[in-house]
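Subject: Structure handover

Hello,

Here is the structure I promised to pass on. My notes follow below it.

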Amino acid sequence: MSPRSSHLGSAAEKSRRHVYGRTKGKSLRSRQAYLMETLFPRVSISLEDKAIDPRALFGAPEEIWLEIGFGGGEHLAHQASLHPGIGFLGCEPFVNGVAKLIAEIDERGLGNVRILNDDARFLLERLVPASLARINILYPDPWPKKRHNKRRFINDETLAFLARALKPGGELRFASDIPDYIAWTLAHIARFNRENGETFIWTAEKPADWRTPYEGWPGTRYEAKAIREGRTPVYLSFRRA
């Protein structure tokens, strides 16, 4: 059984949603494959329960942070190392990215990371309300072609999930180097606020606030590529009302 198939939801859920893009790339290296067989089952998140209290996945965490689409896991592993008292949840459908993070967990001896190798929406809709202190969505796939815009992670459904999962005062972070996706995100959040009351409060007071990386930011491969290719990253932060 593959790592993903053992943690998927029901057939109805799988038919309701589709994870766009690749879920597997090159064959895993021998060490990665070994760790996926031995370590991954111990840190993976099961979706069998309809309600998930993320605090129960750890000992006594100070709070819980979630990273959606963690890529190769560089940022998540870095933050988990800096904040050993915080419980970190990571969602990533791409098996090769999960394998990279599993290797980081092993090398750094991280005991505060749990992983879902699947669509983050399956986890978000199960989390008990107001259970997260921070949600990171960093350089998500922009799906730049207009006909593919509907595949972007930020939409009305996911904003409702994010609002439900974040505790009051919690933070939603969104970073991207694609101007159209940044505008899309701001527009969707503004509309969500109009329809549901002021929910996500943009914390920026001046341009430097969205041009400056987050405190403790280690950089990512995607960010380095964007800067190399002449694109300017933007770092948005919203506070849950």
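R134 has E171 in β5 as its bridge partner. β4 and β5 run parallel and are joined by six bridges. Strands pair here if DSSP finds at least two bridges between them. Helices (H or I, at least four residues) and strands (E, at least two) are DSSP runs, numbered from the N terminus.

This is a predicted model: local features need pLDDT of at least 70, side-chain atom pairs count only at pLDDT 80 or more, and totals for chains, interfaces and linings use all residues. Residues are numbered from 1 along each chain as its sequence is written, and side-chain values use heavy atoms, with hydrogens and water left out.

**Around β5**

From β4 the chain passes through helix α7 (residues 156-165) to β5, and this β-α-β crossover is right-handed. That is, with the strands pointing away from the viewer, the path from the first strand over the helix to the second runs clockwise. β5 covers residues 166-176, and eight of its eleven residues are buried. Buried means under 20% relative accessible area, exposed over 50%, partly exposed in between (1.4 Å probe, protein chains only).

β5 also pairs with β7. That pairing is antiparallel, again with six bridges. A175 has Y235 in β7 as its bridge partner.

**D177**

D177 sits in the loop between β5 and α8 (179-196). Its relative accessibility is 8%, so D177 counts as buried. The D177 side chain makes a polar contact with the side chain of R231, at 2.3 Å. A polar contact is a pair of N or O atoms within 3.5 Å; within protein, one must be able to donate a hydrogen and the other to accept it, and residues adjacent in sequence count only if both atoms are side-chain atoms. Leaving out residues up to four places away in sequence, D177 touches Y139, A226, R231, T232 and P233. Contact means heavy atoms within 4.5 Å.

Helix α4 spans residues 74-82; H75, L76, A77, Q79 and A80 are buried in it. Their cover includes β1 (64-68), β2 (87-91), α5 (95-108), β3 (113-116) and β4 (132-138).

N112 lies in the loop between α5 and β3. At 7% relative accessibility, N112 is buried. Its side chain reaches the backbone oxygen of A80 at 3.2 Å and that of I86 at 3.0 Å. Beyond four places in sequence, the residues N112 touches include F58, H83, P84 and F88.

**Aromatic rings**

How many aromatic pairs does a search of the whole structure find? Eight. Rings of Phe, Tyr and Trp (its six-membered ring) pair if their centres lie within 6.5 Å; planes under 30 degrees apart count as stacked, over 60 as edge-to-face and the rest as tilted.

- F192 and F200 form a tilted pair, 5.8 Å centre to centre with 50° between the planes. Both F192 and F200 are buried.
- Y214 and Y235 form an edge-to-face pair, 5.5 Å centre to centre with 80° between the planes. Y214 is in the loop between α9 (207-211) and α10 (221-228) and Y235 is in β7 (residues 234-240), so the pair ties together parts 21 residues apart in sequence. Y214 and Y235 are both buried.
- W202, W210 and F238 are linked into a cluster by ring pairs.

Two arginines lie over ring faces: R152 over W184, at 5.0 Å from the ring centre, and R221 over Y222, at 5.1 Å. The cut-offs: NZ of Lys or CZ of Arg within 6 Å of the ring centre and within 35 degrees of the ring normal.

Best wishes
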